[in-house]
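Trainee: Please walk me through a predicted model, one feature at a time. I would like the general idea before each case.

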Amino acid sequence: MTVHLGLHTIAATGASRASGSAEAAPGPASTNGVLPRAEHHESALLDRYGRRATDLRISLIDKCNLRCTYCMPADGLPWLAKEHLLSLEEITRIVRVGVRTLGIRELRLTGGEPLVRKDLVDIIAAIRAEHPDLPISMTTNGVGLDKKAQALKDAGLTRINVSLDTLHAEVFERLTRRDHFPRVLAGIDAALAAGLTPVKINAVLMRGVNDHEAADLLHWALERGLELRFIEHMPLDADKKWVRDGLVTASEIREQIREDFTLEVSPENRNGAPAERFLVKDASGSTLGTVGIIASVTEPFCADCTRTRITAEGKVMSCLFSSEETDLRGLLRDGSDDDALAQRWKDAMWLKPRAHGADEGIARDEFVRPERSMSAIGG
């Protein structure tokens, strides 16, 4: 059923409720909910189902200094050579075309681990110089953040997400295969001190490892003024050991949290955000903060997806689960103008699948997972 794919709200006109306004309607008539192919002249990253990508996520590097079990093998992966990575100038040009021509409204810098990139501060400063009002966030594992948080803030970073799946050093080492738990905590403290707020914590629960820590993580986050986001374990691990039965579902996470707190769906418009947000209340009814749950597998939100991704070597991925990639780096290096770059990007996003990498979605039995792991894609 299409409801399981999160696509039951796409209107026949192609309007996306993620936009929150009638301006999202692309105009052409549709057939069975699919927009006809046309050389549309609209300055937008529009797809066949009326969704508009306004949230750009660029991976700065594929390398990482952790080896999280849900992401990559213990021995790591073959890293890209430096010349294959997008340069500072190429990254800023992609952002320029996205913002000025294609309607990008916010930017997330990802990896791999972006803190591994030596020119990270310079990249942020260059983007900020051209786009004074663009929200720029970053997702990091937090290792080394304590030494760079203030410089990132000074360069123009708006806020930060830090991945932390447990409150126990021994579990952290089991999950990441590295003994860096104290360094991550120091990085979170530094981000708060630098004003990279709201500081959001991304947590993945793994059955039999940290699946009992939902309420504890939330207590810890609320006490420190952090915004916790639980993310369902997705089939994007390089070891390809993901099985659905091992998934800690959004429903289970909510059930755990409700043992200690009351949850109420946030009245705020989700606006295409991947996390469903809840108000967290105590026994007296006082609001303590919020928590988000990103239920990509069991409660997908494909109908409202506003994301477009660029990998570290400059390829467009219209969907996190897509097996199709479209190269932009070649155009960046062969003298092509910005119009050609924008058109190829638009063409890539036009073919965005209906759900989870294929028009049938992840719910189908024959779903084929992408070859890339999360670190190679960029979250």
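Trainee: Which helix gives the most to the lining of the largest cavity, and with how many residues?

Mentor: On a 1 Å grid over the protein atoms alone, a cavity is a set of points where a 1.4 Å probe fits but cannot get out, and lining residues have an atom within 4 Å of a point. Helices (H or I, at least four residues) and strands (E, at least two) are DSSP runs, numbered from the N terminus. Here, helix H4 (residues 169–176) is the top contributor, with 3 residues. Keep in mind that this is a predicted model: local features need pLDDT of at least 70, and side-chain atom pairs count only at pLDDT 80 or more, while totals for chains, interfaces and linings use all residues. Residues are numbered from 1 along each chain as its sequence is written, and side-chain values use heavy atoms, without hydrogens and water.

Trainee: How many cavities of 30 Å³ or more does a search of the whole structure find, and how much space lies in the largest?

Mentor: Grid points are joined across faces, edges and corners, and a volume is the space filled by probe spheres set on the points. The search gives 1 cavity at that cut-off, and the largest cavity holds about 70 Å³. Its lining includes Leu66, Asn141, Asp165 and Phe172. By class, the lining has 6 nonpolar, 4 polar and 1 charged residues (Ala, Val, Leu, Ile, Met, Phe, Trp, Tyr, Cys and Pro count as nonpolar, Asp, Glu, Lys and Arg as charged, and the others, Gly among them, as polar).

Trainee: Which residues does the UniProt annotation "binding site" cover?

Mentor: UniProt annotations may be inferred rather than shown by experiment; their positions are given in the numbering used here, with shortened feature names. One such annotation, from an unreviewed entry, covers Tyr70, Gly112, Ser163 and Met234. Of these, Tyr70 and Ser163 are in the lining of the largest cavity. Gly112 sits in the loop between strand S4 (106–110) and helix H2 (120–130), and a cis peptide bond joins Gly111 to Gly112, with omega about 25 degrees. Met234 is in the loop between S8 and H7. Another "binding site" annotation in the unreviewed entry covers Cys64, Cys68 and Cys71. Of these, Cys68 belongs to the cavity lining. Cys64 is placed in the loop between strand S3 (55–59) and helix H1 (88–101).

Trainee: What is the strand order of the open sheet, and which strands are at its edges?

Mentor: Strands of a sheet pair through backbone hydrogen bonds, either parallel or antiparallel. Two strands count as paired if DSSP finds at least two bridges between them. This sheet has 12 strands in the order S9-S10-S11-S8-S7-S6-S5-S4-S3-S12-S13-S14, with mixed pairing. Strand S9 (262–265) and strand S14 (326–327) are the edges, each pairing on one side only. S9 runs antiparallel to strand S10 (residues 276–281), joined by 4 bridges, and Leu263 stands opposite Val280 in S10.

Note on methods: 1 Å grid on protein atoms, 1.4 Å probe; cavity = no way out; pocket = protein on both sides within 12 Å on 5 of 7 lines; lining within 4 Å.
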